[in-house]
Amino acid sequence: MPQPSSAQRRIKPARILAVAAFVLIFVLLVLLICFLCGLFAREDEPSSSLRDMPVVLPSSSSTTTTTTTSATTLYPPIAGTSTKTVVITDDALIYGRNAALIDVESHEIIAGKNAEDVIYPASMTKIMTMLTVLKLLGNEENALYQAYRMDGDLVAELRAQTLLCAGFADGEPCRVIDMLYAMMLPSGADAAVGLANFTAGSEEALVAEMNRYAAEMGLQQTRFVNCTGLHHEDHYSTPAEIACILEYALQNPLCREIMSTAEYTTAATTAHPDGLVLKSSVFFRLPENMPAGITFGGGKTGFTNAAGQCLASWAVDNKTGKTYISVIAGCDGQKPLDAVCDTMTMYEHFRDGEPSGAARFVHSEEIKENREAA
C-alpha cells in the first residue's frame, strides 16, 4: 500500500484545527445569542403580573415586613396616654362619655376623656368589617367587580332589628365595590352582611376572621360579635383601639378613598337603572363653619341606644401637615350633631395639646331627626 506523502501528513492536523476552531466559534455564537435573548427577556418581563399584585392590601398576608436592616411592624401601635395627655373632665366642653384625640406621628393620646375605657362601637365596627373583607378578597384581580345577589329576606330581617339598610332590592346583583361604599357611606347593614356572605360564607365566619385580625393587630380590648355594630354586651372596643383600626385603614388607598367620599352612585341595575345614590352619614352632618387650620379627611359614624352617637374620623393640620385621629362615643342618641361638635372641638382646641381657652365648637345647622342604628 502506498504511504501518504509528508505534505499529506501535514494537511490532516491543519484540517482538524480548522474544524475545532469552527466548532468553538459556533458554540461561542450560540452562547452569545442565548445571553442576549435572556438579557432582553429580563428587561421586557414585568416584575410581577397583575394577578400577583394584591387588590387592596399588599402587606396583609403577614404581620411583619422584613427589610435588609430591620423588621418593621405592619400594624400601628395602640396610642396611649402620657404625662402630656390633656385629661378632659368638663362635660360642657365634650358631651360624649368617651373621647380620644391621637397624634398619628407620635401615637400618643394628646387629649382624652375616658379614652381607654371600654365602649360599644356601634357602626364604627364597619371599619374593621371593611378591612377584613378586603383581606379575604386577597389577590383576586377582579374581586371588587364580582357581584352578590341581594337577599330580600335578609334585608327584611335586618330592618326588623332596626338596622339601617342602603336600599338594595331583592335579587339585585350588587358589585363588591358598590357594597363597600354602601356599607361605609350610609352605613348599610344589608351591604355589610352581603359582603360577609360573599367573602366568608356567613356573618359568623366573617366575624371569626375579624377577631383573628384584631388579635394580629394586637388589640386586647376589642371583640366583635357581628359585622354591623348591632348592640351586644360582648361586642366592644375602646376609643384608643378604634383609632388604631382607623389608622391602619388609612394605610390602604381604597379604604381611605371610600371613607373620604361624600356621595357615590352604584352601577346601574334593573332595580336601579340610574344606580343607587349613596350619601355619607359623616359628610352630610359636617358644618359649614369648619375649624380653621384643618382639612377634614373623613371617617365613620355609629349609633345604637347603648353606644350613643359615635364618630371616628381623621383630619390634617394645614400648617404642620400632621394627621390626627379623633374618636367620640357616647353622645346623646337624639342629637347626632353632638358627636360632630365634640370632634370639631377636639380638632380645634386640642391638636396642639393646649387646653387653655378651649370653648365648645358650635354647629351652624341643626339636624333634629334621629337615625336608625348607623
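User: Which residue in strand 5 does Val86 stand opposite?

Analyst: This is a predicted model, in which local features need pLDDT of at least 70, side-chain atom pairs count only at pLDDT 80 or more, and totals for chains, interfaces and linings use all residues. Residues are numbered from 1 along each chain as its sequence is written, and side-chain values use heavy atoms, with hydrogens and water left out. Two strands pair if DSSP finds at least two bridges between them; strands are DSSP runs of E of at least two residues and helices runs of H or I of at least four, numbered from the N terminus. Here, Val86 stands opposite Ala111. Strand 3 (residues 86-87) runs parallel to strand 5, joined by two bridges.

User: How many bridges pair strand 4 with strand 5, and in which sense?

Analyst: Five bridges pair strand 4 (residues 98-103) with strand 5 in the antiparallel sense. Ala111 is also the bridge partner of Leu101.

User: How is the packing of two helices described?

Analyst: One gives the angle between their axes and the distance between the axes. The axes are lines fitted to C-alpha atoms over the stretch in contact (heavy atoms within 4.5 Å), and angles run from 0 to 180 degrees between N-to-C directions. Helix 5 (residues 189-200) and helix 6 (residues 203-216) pack at about 85°, with axes 8 Å apart. Helix 5 is therefore roughly perpendicular to helix 6, a term for angles of 65 to 115 degrees.

User: Which residues of the two helices meet?

Analyst: Val193, Ala196, Asn197, Thr199 and Ala200 of helix 5 meet Glu203, Ala205 and Leu206 of helix 6.

Terms used. Parallel < 35°, antiparallel > 145°, perpendicular 65-115°, else oblique.
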